[in-house]
Amino acid sequence: MESTALLIAASLNAGTVLAIAALGLLINEKAGIVNLGAEGLMLCGALAGFAAVVHFGATGWGFLAGLGAGALLSLVFGWLVIWLNTNQYATGLALSLFGAGFAAFAGIPYTQAKLPDQGMSAVPFLGDIPFIGPALFRQHAMVYFAVFLMLALIWFFYRTRAGLVLRSVGESPESAHALGYPVRRIRLLAVVVGGALCGLAGAYVSTVYTPLWVEGMIAGKGWIALALTTFATWRPARVLLGAYLFGGLTMVQFHLQGMGVNVPSQVLTMMPYLATVVVLVLISRNPMWIRTNMPQSIGKPFYPGA
Amino acid sequence: MLKLEVRPQPSQAGSYASPLLALALTVVIGIGLFVVLGKDPVRGLQVFFVEPVKSWYAVGELMVKATPLLLIGLGLAVCFRSNVWNIGAEGQFVIGAVFAGGVALMADKTTGPWIVWAVLAAGVVGGMLWASVTAVLRDRFNANEILVSLMLVYVAVQILNYLVYGPWKDPMGFNFPQTQTFEKVAQVPRLFTGSRVNIGLVLALVGVAGVWLYLARTYSGFAQQVGGLAPAAARYAGFSSRRALWIALLFSGAMAGLAGALEVAGPIGQLTPHVPVGYGFAAIIVAFVGRLHPVGIVFSAILMSMFYIGGELAQSRLGLPKAITGVFQGVLLFALLACDTLIAYRLKWRKS
């Protein structure tokens, strides 16, 4: 009972990392931009966050640094794909490769550094409920932020004018342009906000989730987050659920390893990646299903005529 | 203010100038980085661009590192020209290495020299098999090949780790996670004494000619590229997009697998967890910087090899971390993509 509660808690925590990054990428994709640089953004966010906590102490600075790093890098990405019309896939890959290289290079002084362990704060009263308390209400504030972010995005996308404009830019940039909306600026804003969230997710990994800095520590989470938006057919609530599902999978894998199950650890380590493939296959099997849900102009450049 | 204006026709000169301009930009940024880090930029440039070609031995080392990049880059060029986004070449490289290693470990003192060819063929088969997983999932289930091929990189690395930490571990290896060193007869023969250059370089150069012939002189190569440039036109012409997908993935998988085989049966000589060093990812940059053209890729593979060797020298000579290579690789690709804008657009000064 107790261990199940802890497993749920750990799964939500692991899912939070994916959820924040994937919700950020969802904002990008709703505006019609695919950012394959998520992995690089998360790595740089992780390093920036870690370095900020080493120098300034409070975790809040780490989150701020992660947001800043993600925003700055995605600004470069956005400028390239939106103003210079470079290929979105190639530019995203460049961002991933550069981010990994830069974080490995700049992170060397931090490889030995340690951070104070972050205590999870319990919600008063709710945290004391048996089973539900330890499972749900003794988490880092970021776990609740992810839920809040999901709700906020649902409200924004489907209940506000600005959200409608953002979606129209992703569905039909020509129409949005004809109506007088600054398509490129809207897209850039979406890219920067989404990128900042990826950076934040990275910072959460290096400062709270596993408080240390190791080269390549994001280990594909950025790519899994990218797969999650497809898996969720671009719906915020499903993104969050999918993230928890993957978080759960990661944790079950650790628990099995801890329990000494007689499966090679490498097989368990490859589970999240194999699961991503399986999930992609299941969801993509029906092309109509994807096509009706996908933002129509995703990945397509838009260049306003003279 | 400066504005972009669409050129009536893409600039031919621009497409040649862009990689050079990108390299120049990368060098400028590199000089800036050296200055910021308090290193002599002249010394830094020497380490990257002069030392790797200073002696015959150094040139040999340059070729040793350029060979896998060239092979994988050629495969990816065919892929990208067909608009198939295989970014999991690193995984195909690893599985190629595993297959090749498996065959090489079967050799003993009495095996004939034919084993080398079996080792290389196994690598090709391994790479193709691994790429065909992506192809099947894309073809049958419409799964995005970018994400699938990338996820399979992590899976491939774990398979390698499982083997070298488990069943294939050298019993006499002091518990290090590595296989036995392959028998001499199973290792790729070297071309010259006093240099580590091996027949892989010859195979890669044959590959250059082969890919050029395929793309420029065959019907199938033509169909492949039409599908990449104008999918609608290809459909109208009756070129099968499924066929294009399979050819692209199998060929790039084969090339990456061959590179993996040459690497473990060549400079490394055994399977270790350090087989994957990012050649599969660097080759993406190689392919783009080489304009997806076989001859261009020769130059870009050599350039990227200089980055690798320069990074190692920067570590020993200048006390800079080797990871600086990754920074320069990323900057180069960014710069190239930005410069490529000038192929389709021109800058126009306009009063606003």
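This is a predicted model: local features need pLDDT of at least 70, side-chain atom pairs count only at pLDDT 80 or more; totals for chains, interfaces and linings use all residues.
Okay, Asn142 of chain B: it's partly exposed, with a relative accessible area of 28%. If you want to find Asn142(B) on the screen, go to the loop between helix H5 (115–141) and helix H6 (145–165) of chain B. Its phi is near 65°, so a positive value, and this isn't a glycine. Most residues other than glycine have a negative phi.

Now hop over to chain A, where there's another asparagine to look at. Asn85(A) also has a positive phi, near 55°. Asn85(A) sits in the loop between helix H3 (59–83) and helix H4 (88–106) of chain A. Is Asn85(A) buried or exposed? At 15% relative accessibility, Asn85(A) counts as buried, because the cut-off for that is under 20%.

Thr86(A) is in that loop between H3 and H4 of chain A too. At 6% relative accessibility, Thr86(A) counts as buried. What does Thr86(A) touch, once we leave aside neighbours within four places in sequence? In its own chain, Leu80(A), Val81(A) and Thr91(A), and from chain B, Leu337(B), Ala338(B) and Thr341(B). With Thr91(A) there's a polar contact between the side chains, at 2.7 Å.

Those chain B contacts bring us to the interface. Here 38 residues of chain B are in contact with 41 residues of chain A. The two chains bury about 3,700 Å² between them, and 84% of that is on carbon and sulfur atoms. On the chain B side, Leu147(B), Met151(B) and Phe334(B) lose the most area to chain A, together 18% of what that side buries. As for polar pairings, the count between the chains is 0 salt bridges, and 4 residue pairs are in polar contact. Which helices of chain B supply at least two residues each to the side that touches chain A? They are H5, H6, helix H11 (279–289) and helix H13 (324–344). H6(B) gives the most, with 12 residues.

Last stop, the surface of chain A. There's a nonpolar patch of about 520 Å², made by Leu249(A), Met259(A), Val261(A), Val263(A), Val267(A), Met271(A) and Leu274(A). Take Val261(A) from that patch. You'll find Val261(A) in the loop between helix H11 (236–258) and helix H12 (265–269) of chain A. At 34% relative accessibility, Val261(A) counts as partly exposed.

How values were computed. Residues are numbered from 1 along each chain as its sequence is written. Chains are lettered from A and ligands numbered from 1 in the order in which they are written. Side-chain values use heavy atoms; hydrogens and water are left out. Helices (H or I, at least four residues) and strands (E, at least two) are DSSP runs, numbered from the N terminus. Buried means under 20% relative accessible area, exposed over 50%, partly exposed in between (1.4 Å probe, protein chains only). Patches are made of residues with over 30% relative accessible area and no salt bridge: like charges are joined within 9 Å, nonpolar side chains (Val, Leu, Ile, Met, Phe, Trp, Tyr) within 5 Å. Accessible areas come from the Shrake-Rupley method with a 1.4 Å probe; for residues, only the protein chains shown count as cover. A salt bridge is a side-chain nitrogen of Lys or Arg within 4 Å of a carboxyl oxygen of Asp or Glu. A polar contact is a pair of N or O atoms within 3.5 Å; within protein, one must be able to donate a hydrogen and the other to accept it, and residues adjacent in sequence count only if both atoms are side-chain atoms. Contact means heavy atoms within 4.5 Å. Buried area is the accessible area (1.4 Å probe) that two parts lose on being put together, summed over both.
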